[in-house]
Amino acid sequence: MNGTAVKVEYRPSPAIARFFRTLSGEDLKQLDNAGAQYAAAKTRAWLKDLGTTRHATAQKLGATPTQIVERTRKGVKVADVGGAQCVVIPHPLFRRAFRDVTIAPVTASALAIPVHRLAYGRSPRTIAELFLLKADGKAFLAKSEGKRPKKTVLYYLLHRGRIEQAKDETLLPSENTLALSARAGVSRFLTSLFLSQPKGKP
């Protein structure tokens with residue numbers, strides 16, 4: 001899965017747990033889904049706020065933000081993963097909320113790290129006339145720009161190796177926050193279930 005799946009768990013009280021055991025398989029499935037839908041809504045709200053603040057790299061380069069967080073927010077959904085109702089965040093970036101992440105080149109020999117505003121959020125393959133430039137023991141992808149005289153502009157730093165990114169729990173709501181949201185969804189579902197029962201039925 002090219003994304004991040006979050007399994008939302010909450011612990012009902014003993015009385016509620018006993019009631020759960022009386023529900024049909026279909027009711028239990030709907031109950032789990034109701035909780036996950038509330039957790040997904042909380043996740044979307046969290047990402048909406050996050051998207052207004054996480055632009056440090058773009059600001060440093062004077063570039064336009066890529067809006068990755070906002071696009072990801074719109075794709076957050078609930079899905080059945082291994083029999084569990086999970087909140088799915090459609091971008092691997094958010095795995096950092098749970099663990100350290102290592103970034104390494106897959107097909108290329110080096111990572112291309114943007115150092116120019118026009119390179120931010122773009123693949124080197126989308127920029128014409130780049131050439132390899134070595135300076136001060138480092139390798140760059142650069143481009144000649146301007147006229148008489150032309151100047152050499154650095155677009156990417158080529159990094160041979162891996163980049164370690166530390167775990168960042170602030171990328172997503174906390175486990176407790178998601179559990180509380182799921183409980184609210186479950187409570188609403190149970191209320192509707194009680195109200196739909198014929199009078200006199202326990």
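User: How many residues does helix H2 have, and how far does it reach?
Analyst: This is a predicted model. In it, helix H2 covers residues 25-50, which is 26 residues. From its first C-alpha to its last it reaches 37 Å, close to the 38 Å expected at 1.5 Å a residue.

User: Which residues of H2 are buried?
Analyst: Leu31, Ala34, Gly35, Ala36, Ala39, Ala40, Thr43, Leu47 and Leu50. As background, an α-helix has 3.6 residues a turn, so residues three or four places apart point the same way.

User: Which sheet are E2 and E3 in, and what is the strand order?
Analyst: They belong to an open sheet of three strands, ordered E1-E3-E2, with antiparallel pairing. Strand E1 (4-7) and E2 stand at the edges; each has a single partner strand, so one side of each is left without a neighbour in the sheet. From one strand to the next the twist averages 45°.

User: How many bridges are there between E1 and E3?
Analyst: Four, in the antiparallel sense. In that part of the sheet, Val6 stands opposite Val87 in E3.

User: Changing topic. Where is the hairpin?
Analyst: E6 and E7 form it, with two residues between them. Strand E6 is residues 131-135 and strand E7 is residues 138-145, and they pair in the antiparallel sense over five bridges.

User: What is the bridge partner of Lys134?
Analyst: Ala139, in E7.

User: What is phi for Asp136 in that turn?
Analyst: Positive, about 55°. Asp136 is a residue other than glycine. Most residues other than glycine have a negative phi.

User: Is Asp136 buried or exposed?
Analyst: Exposed, with a relative accessible area of 78%. Asp136 sits in the loop between E6 and E7.

User: What about Gln67, what is its phi?
Analyst: Gln67 also has a positive phi, about 65°, although it is not a glycine.

User: Where does Gln67 lie?
Analyst: In the loop between helix H3 (56-61) and H4.

User: Why does Gln67 count as partly exposed?
Analyst: Because its relative accessibility is 37%, and partly exposed is the range between buried, under 20%, and exposed, over 50%.

Technical notes: Residues numbered from 1 in each chain as written. Predicted model: local features only at pLDDT ≥ 70, side-chain atom pairs only at ≥ 80, totals over all residues. Heavy atoms only, no water. Expected span 1.5 Å × (residues − 1). Buried < 20%, exposed > 50% of the residue type's maximum accessible area, 1.4 Å probe, protein only. Pairing = 2+ DSSP bridges. Axes fitted to C-alpha atoms, helices over the stretch in contact; angles between N-to-C directions.
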